[in-house]
There are 4 protein chains.
Amino acid sequence: MLDISPATCTATLSEQYHQVRNRTLELTQGLSVEDMMLQSMPDASPTKWHLAHTTWFFEQFILSRWVNHYRCFDPNFNFLFNSYYESVGERHPRPIRGLLSRPSHQQVLDYRTHVDRAIGRLAVDLPLEEDPELSERLIIGLHHEMQHQELILTDIKHALAQNTVMQPRLPPDPPGSQADRKFSTFSETLTTVGADEAGFSYDCERPRHRVFLERFELRNSPISNGEWLAFMADGGYHQSGHWLSDGWDLCQQNAWQAPLYWHHLDGEWHELTFWGYRPVNPHAPVCHISFYEADAFCRWAGWRLPTEFEWEYGAARASAPSQGHYAESGHWHPKAASGKGLQQFYGDVWEWTSSAYCAYPGFTPAQGALGEYNGKFMANQFVLRGGSCATARDQMRPSYRNFFYPHQRWQFSGVRPAR
Amino acid sequence: MLDISPATCTATLSEQYHQVRNRTLELTQGLSVEDMMLQSMPDASPTKWHLAHTTWFFEQFILSRWVNHYRCFDPNFNFLFNSYYESVGERHPRPIRGLLSRPSHQQVLDYRTHVDRAIGRLAVDLPLEEDPELSERLIIGLHHEMQHQELILTDIKHALAQNTVMQPRLPPDPPGSQADRKFSTFSETLTTVGADEAGFSYDCERPRHRVFLERFELRNSPISNGEWLAFMADGGYHQSGHWLSDGWDLCQQNAWQAPLYWHHLDGEWHELTFWGYRPVNPHAPVCHISFYEADAFCRWAGWRLPTEFEWEYGAARASAPSQGHYAESGHWHPKAASGKGLQQFYGDVWEWTSSAYCAYPGFTPAQGALGEYNGKFMANQFVLRGGSCATARDQMRPSYRNFFYPHQRWQFSGVRPAR
Amino acid sequence: MLDISPATCTATLSEQYHQVRNRTLELTQGLSVEDMMLQSMPDASPTKWHLAHTTWFFEQFILSRWVNHYRCFDPNFNFLFNSYYESVGERHPRPIRGLLSRPSHQQVLDYRTHVDRAIGRLAVDLPLEEDPELSERLIIGLHHEMQHQELILTDIKHALAQNTVMQPRLPPDPPGSQADRKFSTFSETLTTVGADEAGFSYDCERPRHRVFLERFELRNSPISNGEWLAFMADGGYHQSGHWLSDGWDLCQQNAWQAPLYWHHLDGEWHELTFWGYRPVNPHAPVCHISFYEADAFCRWAGWRLPTEFEWEYGAARASAPSQGHYAESGHWHPKAASGKGLQQFYGDVWEWTSSAYCAYPGFTPAQGALGEYNGKFMANQFVLRGGSCATARDQMRPSYRNFFYPHQRWQFSGVRPAR
Amino acid sequence: MLDISPATCTATLSEQYHQVRNRTLELTQGLSVEDMMLQSMPDASPTKWHLAHTTWFFEQFILSRWVNHYRCFDPNFNFLFNSYYESVGERHPRPIRGLLSRPSHQQVLDYRTHVDRAIGRLAVDLPLEEDPELSERLIIGLHHEMQHQELILTDIKHALAQNTVMQPRLPPDPPGSQADRKFSTFSETLTTVGADEAGFSYDCERPRHRVFLERFELRNSPISNGEWLAFMADGGYHQSGHWLSDGWDLCQQNAWQAPLYWHHLDGEWHELTFWGYRPVNPHAPVCHISFYEADAFCRWAGWRLPTEFEWEYGAARASAPSQGHYAESGHWHPKAASGKGLQQFYGDVWEWTSSAYCAYPGFTPAQGALGEYNGKFMANQFVLRGGSCATARDQMRPSYRNFFYPHQRWQFSGVRPAR
């Protein structure tokens, strides 16, 4: 298992680089060149684009600066594979990334090789750890690539889901045991949140600062599919009273009846997994729900969503990240946990919080184009905490702030209530 | 000046009722029956609809409950003039409120008279102050009506603004003197925010609770038109680096170049007032800006928006509400202030904060349909604090939380930076 | 009854002018100033706008040219009340004509008086008949005004229809007797179609020219509501096989189940009339159907729509215009006819033809701005022939070509099949 | 050169089948598997989809009926590759054909082989010519496939055009000589149009019938790029007076400045060809223009579009189809013609006519699902005559009626004026 935080890591940066980069390619095994072209909505990108964009990131932010006379692989790629960095220039429009048949997948693999070799040569010339700015950039690039590893999975899942007739039907998984549904209690406290200086963190997790928490309770485990079925059976998707106003409008416009990827087949609810339709496992955590659904469920149950700081405070007192289920350990879908007490904060499903994604007091974005990485998205999105089965385990840390729009459902997103 | 908080008010509730209701009609003086039909966007409503909806509020939430055998004025009105109370039944679609030629304006006035008389009889039968629930409802109804008084003004301004050729051109106002642009400093503190039990407040302002504030500074006055012109002159509307990502998209889609209602006429910036186009006064507070513009301005200036709690903490240490400019005192447009120190927190312009509108810890919505008043809007909106020239002065209080979507500009909204 | 064709008319042009202009105002009786503000879709316009636009037409095309130093009533009106004449300058956007609270209805009436007096003075100075170009323009203006009289009726019907709760419920009309459903046969022929020089016609009805017609049969009467109910009962709105592809898409998108303004109330189909909801009369001609519905009905019945030339050939051999039902004779809704043989070509309902609206061989548009009257609409629209109960009887002539888009339903449009 | 009309053809049907099928695959040479996935707009389809759909056509309309116990290649393909035949069942939504990464291109090739072998076996068992219905179906299938050969070219051109940065720049072609710009005159006549029984034709070309033509003149050659540049230089795209109303709206909304695929590069107009950007050849016929542009050009020039019958009458008196330029002879883009007199009616560019696509008198659609082939599209589209460089030469015949919406530009469409 890879640990790329400077403080505790035993592998060299160069070794880490190649591990992360190889992992990305491993994730695409089983996908055809045609699959890797798919873009099913503007929010998602083709696998091929992810492969190229993560490569461009190293070219743009490291090679073009630290390598003298760096030979750019193809000058068009800055236009094609820049995601959203306004300060780096014009970009190919995001909604039509699926129209990039050219460059071919093979050319993108060649591009990866070209850049990996250049990074390799750079590591020979200049031990990466010795230049703090370079190593910081490289580590950001690896975290960036891990984020895109997750998007490769969630995006291809969404894309293949559009092609309903080509999906196999699967038998049910063993359900596992029921999770601990109790709530743990926390007294009021003036606590400190955010990332400290040791270990990797994004700018938006800093600075570490104090917040006051009133007394609260937090569920020991995420909500399960079985509990979600009870919500559905009680008319949860049909009673405006549980819903935020914007959420209710969306629920009606889109005729939401169940989480994304749930299909009612032959009298039974199934969910789409990476391998086909499988009967819903009542003990596994519910996932692919929007913030609005998470919030409505809580109101229906008489509970509420936690703030991101309540979550962070709870997580610091709970089970370690290593206990969750991860794709890198062969768990490509959330699974039931069987322990007692606060658990399953990491892996399986991201957990929606009630906190709008915003700046911490004293927040300073990174300098230059990388300042666009987080800060400019601080409106209209909500914070999710933890990490899902699709997340790289090395990204897990209590202070990590993931963020999505409240209507989005294609991430492995679930809910852990507070009260 | 009316003070309708139970604690300090000298007028009876019945007297207050008639004062507020009459004030609403006074605001419509100068508008023709045709003007009062106008609806220029789904966010806004016709004056006539406001007149009827505020009346329906008293009928629905008071008369139908406290008056035995209450004779409803017209049973269709529950369908036509319910705004958004899902639990009260089906509603006329909001975007086509402008198609309600029937009932006529005169019928709506008759409706108001019918309800006012019924409230009058109720007050005779049952001294309003003696039934705590009734008096609480009535006071909510009056605050509700005051909120709609403000919307009558902002909505008709927007509607008449669409008819550009029928607007007169006006000479400039006397500019007044320049406001105090200094910042006041506040030390870190664990403070208490929100409404206490004395005086009126909405459910969303409660419960009073503790928050920790890091040291911060707050501008003594709102940003002026002159400062905004400097932002424009420096390319503020054309440089993505100042903007949140969603805001930049909107800015480009809508080709924003200036605040709403600003027009460049004969080589000079004018703004639309209630009486026509007037040259922009550089010393008056800028208004009709969106959250995105407020935020971009602050980033351009090296500052930031305050949180709503920073604002509340500062306001409690500043000038009293009575110092601002209000329509009810003849000030229908924001004006320059000339004092020193923290000032102009109330009146003139609402002030955008960086705080997403969300529930306070322990928030409990009101019971029944009135629980829909605030709680269900707690997503995607930002808190504005203070009050504008279009707000009733009796609504001013430090804990008041107004909220709008970050793209909205038709309120009298401005900005007071922090750093 | 007014006949404004130069050849046969006994009233002077000046008398005709005032008859037509007064008729327009008569049509607005019963409408409130608020009703006259309504615009319920971009295709329709407020009554007040029609009152002003028809007036502007005389000001723009006659007074500004034939009256020296003509004093324009208000220079803004050219912007506000130009409908679609690109060559006359910029225009107020059509979709927001409903936002013109100013000028007021009273000002528009004053505008009408101002222009009527100017035309009156012009008639004194220069007998209108003596200037051929002037008299031609004036007659066009009167026909233009009669067209807008029809639109006043169809547009206000559509607008008031949006306000469903304010409509009374009416008892059924006496059904009348069933119309003659036989077909009349016509042999193949080389015939001449279009308008001759005598009498008024629009440029698009000319030049008169020859067309060859194969043998055909034409229904003696329009399709009735009773026949339409049979189509509905047989699943006509649910079987793609009857429909044109574009029509089927629309039918599904809009969930068409019946003609426009039909509502199923208390187990029975009602239609909205100018006075409220009335049970559908099975013997009256069906109306408020789109071209797509007319076409689908014919295919379902094994018939087809006639071409406009088949219709014109048949109409010339049928009953006279005077036999139909017209609003000006108190018939504000289509009625059953009881005669035998080819009948009811005029009045009651417009009849969709299979002919796309296009130029006749040798078509020459009028010179100047009036050349925009017809020619520029010759794409994507279909020809309707005859005239409806809402049409002025003086507009009836065999060569008249009305035209609308195939999806439009708010005119009094019906269908007479061929085979 | 293949001639598949039963009357004159020397190859057996079975030979013709394999010629046409092979030609389809030949057209895809040079395209990668990724290119063949692309769908750039709902009007267009991926190459892979065309390959499968044309195969499905033979499976659905021939094999499933004439082969006992025919083993369907994959039952899902009826859902995936049915284009628009409502009577054959539900279909994959047209706008997301580009999301069909599965089946793979290789599976589609296997599907083609499977069906081709089944047709081969059928031909052995039952000489195809001996069953008139079977041979008729097969010939329709071949014409259908030829139509899709053209769409393969026009659709992939559109798709690759979206990826602007991956296009090479090419030197100009030799211009060739200027075409004959004279007009030929035709006297008035009662003529017969439409397809006779000999040779292949679609149902919409029949029955043959009489039409009367007034005297007219027809241009000897299509309009050239040079003439189009003159139209552009004279402000053709900026003067509403030349345009139909719907066309003018579109022209402004889309900011049309030139034909589709024209780009102004380095001070010179280029057009995109299958190989990259090439300077516009002033002598070649203009192509990729909409009906609206064709019509506006004619009005600017003082001319008009011909009716489809004028065109057909002229074409019958002009050069033979063999004289045009065709992709199958290596001409992948329209070229200048150098002869005198009426010419170039076939090949190079389709020619817009003023005729709305509608039914001929006595039109009877084919029975069954194939009745959906043409008839249901008879609204809102205009007839184009002739054939383009992308059309198979075997499809050329005077009576052929191609049809597209007036705004569509991605076909090789040009214009030959009349007057």
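**A sheet in chain B, and its setting**

Modeller: In chain B, the strands β5, β6 and β7 form an open three-stranded sheet in that order, with antiparallel pairing. This is a predicted model, in which local features need pLDDT of at least 70 and side-chain atom pairs count only at pLDDT 80 or more, while totals for chains, interfaces and linings use all residues. Residues are numbered from 1 along each chain as its sequence is written, and chains are lettered from A and ligands numbered from 1 in the order in which they are written.

The edges of the sheet are β5 (262-265) and β7 (276-279) of chain B; each has a single partner strand, so one side of each lacks a neighbour in the sheet. From one strand to the next, the twist averages 40 degrees (axes are lines fitted to C-alpha atoms, with angles from 0 to 180 degrees between N-to-C directions). Strand β6 (residues 268-273) of chain B runs antiparallel to β7(B) and is joined to it by four bridges; strands pair if DSSP finds at least two bridges between them. Within this pair, Gly276(B) of β7(B) has Thr273(B) opposite it. Strands here are DSSP runs of E with at least two residues, helices are runs of H or I with at least four, and both are numbered from the N terminus.

Chain B also meets chain C, with 23 residues of chain B in contact with 23 residues of chain C (contact: C-beta atoms, placed from the backbone, within 7 Å). On the chain B side, 11 of these residues are nonpolar, nine polar and three charged. Ala, Val, Leu, Ile, Met, Phe, Trp, Tyr, Cys and Pro count as nonpolar, Asp, Glu, Lys and Arg as charged, and the others, Gly among them, as polar.

Chains A and D make another pair. Chain D superposes on chain A by a rotation of 180 degrees with 0.0 Å of shift along the axis, at an RMSD of 0.0 Å. The two copies are thus related as by a two-fold rotation axis. In chain D, the residue closest to the axis is Glu34(D), with its C-alpha at 3.0 Å. The copies meet through the same surface, because 100% of the interface residues of chain D are also interface residues in chain A.

Notes:
Copies are superposed by least squares on the C-alpha atoms of residues with pLDDT of at least 70 in both. Two residues are in contact if their C-beta atoms, placed from the backbone, lie within 7 Å.
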